[in-house]
Amino acid sequence: KAAKAWSGRFNEPLDRLAQRFNASVDFDKRLAAFDIEGSLAHARMLARVGILPAADLADIERGMGQIAKEVHDGTFPWTIEREDVHLNIEARLTDLVGDAGKRLHTARSRNDQVATDIRLWLRSEIDALTGVLKTLRGRLLDSAEADASTLMPGFTHLQVAQPVTFGHHLMAYYEMFTRDAARLADCRKRVNRLPLGASALAGTSYPIDRESVAKELGFDGVCENSLDAVSDRDFAVEFLAAAALMQAHVSRFAEELILWSNPRFGFVELADRFCTGSSIMPQKKNPDVPELMRGKTGRVYGSLFAMLTIIKGQPLAYNKDNQEDKEPLFDTADTLRDVLTLLAELLGGLKARPDRMMAALAEGHATATDLADYLVRKGLPFRDAHEVVARAVREAVKLGKELPALPLATLKSFSPLVGDDVFAVLTPEGSVASRSHIGGTAPSAVKAAIARARKAL
Ligand code: ARG
């Protein structure tokens with residue numbers, strides 16, 4: 001049986017439980033393609049600067065080609081005796097091509113190797129997530145456009161507040177997901193730096209060319225300090241923090257979809273393909289998919305806290321604690337990818353129910369603020385207007401009526417400034433139309449926002 005890469009110094013084999021505890025191959029094997037990519041760039045650089053003979057490089061390239069194929073086909077002989085993805089691949093390379101495989105690790109350590117792998121992986125995940133976010137944002141624009149003039153109640157404290165348009169409400173989520181995309185792009189800049197060359201911690205005595213490796217692997221530059229290069233996981237925290245905010249946005253949206261699809265609201269209908277039934281209650285149509293989107297927030301927040309805690313108190317430079325960065329990162333990227341993809345799909349199958357939104361808007365005196373503004377335009381100070389309208393609302397509540405249903409004489413009794421033009425401002429249509437400034441809820445303002453967004457997307 002092949003000895004471990006590091007067993008020379010030891011008097012006894014690794015304890016069985018310690019071996020399982022120490023091994024990461026079960027989860028880090030998903031980095032295989034990036035590990036191979038990084039190793040090939042490293043080997044080519046070694047050959048370029050004359051550290052590795054050309055014949056060895058050819059062997060390494062051939063062996064890695066074979067390994068990539070085995071990994072892809074699922075025939076690669078992964079074993080926890082070889083600890084992690086790096087040692088599994090290196091040992092297999094040596095099995096396949098002999099001494100050249102043993103020369104690959106010259107001027108390199110697993111510490112800078114794993115930091116490189118995880119950055120390559122995260123960069124590709126960020127790019128994939130950015131694509132999914134873009135699709136989602138496009139769907140939001142489509143839905144907002146279709147419902148740019150659809151009236152609904154806007155809420156504060158979950159109480160009817162003022163009329164808004166459904167398109168405007170959807171565009172609020174567009175803004176959130178646009179900031180999320182910007183945060184990912186910003187995080188990517190710090191992810192995209194090459195640690196390789198830092199070796200274990202102190203750099204290396206070989207005449208390496210880090211810049212050329214960075215270039216080959218598509219990094220924007222190299223990590224400046226070798227100690228920092230192998231121990232920095234700030235970029236992982238940044239990604240998880242961006243992911244946590246994304247999940248917060250998803251969760252808020254999911255919560256509204258759950259509420260709105262409840263028959264008591266009935267503002268929207270979710271497509272059947274995203275709902276499930278009950279094994280006992282035959283009538284049920286449950287919003288399981290948005291509920292899970294909301295629930296997944298827990299694991300993503302948990303991953304952020306795990307990562308923050310992992311880096312806390314680690315002395316420089318590399319410590320094995322950092323092996324714990326992988327599962328939270330993997331789980332978060334996978335979760336976000338599913339959640340964002342499903343949310344985009346869900347939007348495609350979402351039907352607004354304008355009749356139900358209007359019915360909800362007819363209760364709650366949603367245009368009371370418009371009445372106050374009307375009085376202000378007639379010369380009353382706003383605080384006085386607020387008081388006048390509040391008294392009118394109290395009267396309406398007493399009579400069991402809505403504000404616009406009060407007779408003109410009754411409204412006049414609260415202020416002589418009320419004229420018969422008052423009813424025009426009490427309609428939800430008039431209310432939203434008057435908010436036509438940039439960022440307002442008027443259909444014209446929403447359409448302008450959508451047009452600007454389409455240009456930027
Ligand atoms: N599996 C390790 C990790 O994920 C690779 C680096 C191991 N380095 C070491 N000195 N033990 O971080």
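Helices (H or I, at least four residues) and strands (E, at least two) are DSSP runs, numbered from the N terminus. The model is predicted: local features need pLDDT of at least 70, side-chain atom pairs count only at pLDDT 80 or more, and totals for chains, interfaces and linings use all residues. Residue numbers start from 1 along each chain as its sequence is written.

**View A. Loop holding proline 404.** The loop between α17 (382-399) and α18 (408-414) contains proline 404. A residue is buried if 20 or more other C-beta atoms lie within 10 Å of its own, exposed if 12 or fewer, and partly exposed in between, with C-beta atoms placed from the backbone. Proline 404 is buried, because 20 other C-beta atoms lie within 10 Å. Contacts of proline 404, leaving aside neighbours within four places in sequence, are Thr367, Phe423 and Leu426 (in contact: C-beta atoms, placed from the backbone, within 7 Å). Valine 425 is 21 residues from proline 404 in sequence, and their C-alpha atoms are 9.3 Å apart.

**View B. Helix α13 and its two faces.** Helix α13 (residues 297-311) has 15 residues and spans 22 Å from its first C-alpha to its last, close to the 21 Å expected at 1.5 Å a residue (expected span: 1.5 Å times one less than the number of residues). Its buried residues are Thr297, Val300, Ser303, Leu304 and Met307. Down the axis of α13 these buried residues fall within an arc of 130°, so they line one face of the helix (the arc is that of the directions from the helix axis to the C-beta atoms). Gly298, Phe305 and Thr309 are exposed on the face of α13 turned away from the buried side. The cover over the buried residues of α13 includes α11 (234-261), α12 (288-295) and α14 (326-348).

**View C. Shell around the ligand.** The residues around the ligand are Ser24, Asp28, Asp84, Arg110, Asn111, Val114, Tyr318, Lys320, Asn322 and Gln323 (near: C-beta atom, placed from the backbone, within 6 Å). Two of the shell residues are nonpolar, four polar and four charged. Here Ala, Val, Leu, Ile, Met, Phe, Trp, Tyr, Cys and Pro count as nonpolar, Asp, Glu, Lys and Arg as charged, and the others, Gly among them, as polar. Helix α7 (residues 110-146) gives the most to this shell, with three residues. The ligand lies between domain 1 (16-106) and domain 2 (111-145 + 164-358), because both give residues to the shell (domain bounds come from an automatic or database domain assignment).

Methods
Two residues are in contact if their C-beta atoms, placed from the backbone, lie within 7 Å.
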